[in-house]
Amino acid sequence: MDEVSERRKAMDKLLGLDAVAEIASELKAKRFTDRADALLDTGREGIIRLEGEERNLVTLREEAQERARKHGFQSRHFTLSGLRKEFEDISAAVVQIADSFGVTLGALPSCAAVEDGSRVCKAMREAIAKIRLEADVRRKLAEFDGEIATLTALVERWREIYKLNEQAGQVLCDHEAAAGSHDALERKAKELADRFEQTEKDLRSADALKALLNEAWDYIEASSSKECPVCERPLQAGGIDAIRERARKLSDETTRALESAKTSAGEAVDAHENLKRVRSRLVEECSEQKRRLDRARGEVLTALGGTGVADAKMAVRLDEALASKLSDRGKLAAGANALEEEIGKVETRTNAISEELLPVLDLSERLARVEDARKKASKGGGAAERKAERLRTLAEHVKELKQVLLDAKDEHANTLLDAAGPRAQELYSVLVDHPFFDTLRIETEELRGSVDYCYRVANGAVTKGAAEARLVLSDGQMTAAALALFYALAESACHSFDLLFIDDPTQNLDDKRKEAMARAIVQIAKLKQVVISTHDEDFEAKLEDAGFKVGAASFRFRDWNGDPQVSAS
């Protein structure tokens, strides 16, 4: 029992004062004082935090007010009534603009509190957007823009189609000037066809004559006739040669000439047919451009709302109509600009309220809440101080109560120790038998809010100089001294020990003190039921010699390995 706390707990339990010691240990005045300090600290910290937040909000509000003043707001606007007045003015302006431009609006919301400001601003923006979208001038302007876009496209398309029609007509005229009119081309075509046909006839006739001459020649040579088989006239001198020459010329010169003439006639026919095809294509193109021009003319006349306009003047009339529309649109645009100017002023003011005025009022309300919380915290600080004072008073009462318990414990412990003192001294003398420190005293003393126990030994012949036992006794002597007090208290009439369990009481004892220990235990066993455990066989023999086994039961454990063998004797 070298540790003070362990020694104290053992002595408290031995004296039956452990419950009192536990109660005393729970009586801690510091718990109450700490709680009191925490209450005060929490209150002070809360007030300090609120004061800092208040200063910050004041700075933010001043900055917000400065920004708001740059947008025309004054001190009179920095209140809920000022905000309401601003919204009333904006609502009236929005309704007036809507009426002026033929737009029907629903009821606009009012502002009952600062937190309603964002909702009211949103409603104003929606009303402004509706006016922009549904205003008569906007609708008419959109219609004019559509008509102007149609006229512009129509002017460009008319000019393009008119130009293409003129070009197609000019190309056809140029072609007729170069190749002739339709009738001229037809006459020319007939002439060429007739010439080609005549050439073919001539060629066939030449071929027939050549064949006839060749037959005559063959006949004369074969028959040695003196007459021409064709004309039946006598042949002149050299007549057969004349027939041969004439057949040759028909075969060579006349045939080639006729075939060349036929080829030229065919080429002339083909070229003429190509001219006719070109003209047909040009005529078709002119017809197509004419049809396009007719369709465009119908669209233009519909757009102009009239009839009888010459094609050459159509573009001029379209330009005049477009200029008129643009003029009318300019007038409408002036109205739209006036609308946008009025709407823009209202929108700008609404945005200024949302972005500049509402933050000021919001900060003012936050500041008011923080100020109110700080005032309540300051008032609550007094209550906290009173509660802390009550806690400190309770702490004093706890201190006093704990001191009363400690005093009572000390007094009762001393009473028990005094009662057991003579027997403890007797057993100390027998069990320890110290050559110099022959006297044992157990003293109590208050130490750090508890009652501590101190073993002191001294020489009976010396009135001063008592020493703490653990400093001058050996381990075996300390064990014997502790058991002397334990046995004395066990025998004391003021204690209610009926069963004593003694575990290995001879630790660090020499043989002489083991004998004394055996005798002391036998004496106690006459008064109390005693259970002893030991592994010291010498001490077991000494107990038997002292008479302990008379009327006692003995059990021996062997092979202590979890399943020991037990024998009784």
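Ala, Val, Leu, Ile, Met, Phe, Trp, Tyr, Cys and Pro count here as nonpolar, Asp, Glu, Lys and Arg as charged, and the others, Gly among them, as polar. By these classes, the lining of the largest pocket has 14 nonpolar, seven polar and seven charged residues. This is a predicted model, in which local features need pLDDT of at least 70, side-chain atom pairs count only at pLDDT 80 or more, and totals for chains, interfaces and linings use all residues. Residues are numbered from 1 along each chain as its sequence is written, and side-chain values use heavy atoms, with hydrogens and water left out.

**Whole protein**
- The protein has 13 helices and seven strands, taken as DSSP runs (helices: H or I, at least four residues; strands: E, at least two) numbered from the N terminus.
- Of the 569 residues, 34% are buried (under 20% relative accessible area, 1.4 Å probe, protein chains only).

**Largest pocket**
- A pocket is an open set of points on a 1 Å grid over the protein atoms alone, where a 1.4 Å probe fits, with protein on both sides within 12 Å along at least five of seven lines; lining residues have an atom within 4 Å of a point.
- The lining has 28 residues, and Ile-532, Ser-533, Thr-534, Ser-554 and Phe-555 lie nearest the centre.
- Strand 5 gives the most to this lining, with five residues.

How values were computed. Buried means under 20% relative accessible area, exposed over 50%, partly exposed in between (1.4 Å probe, protein chains only).
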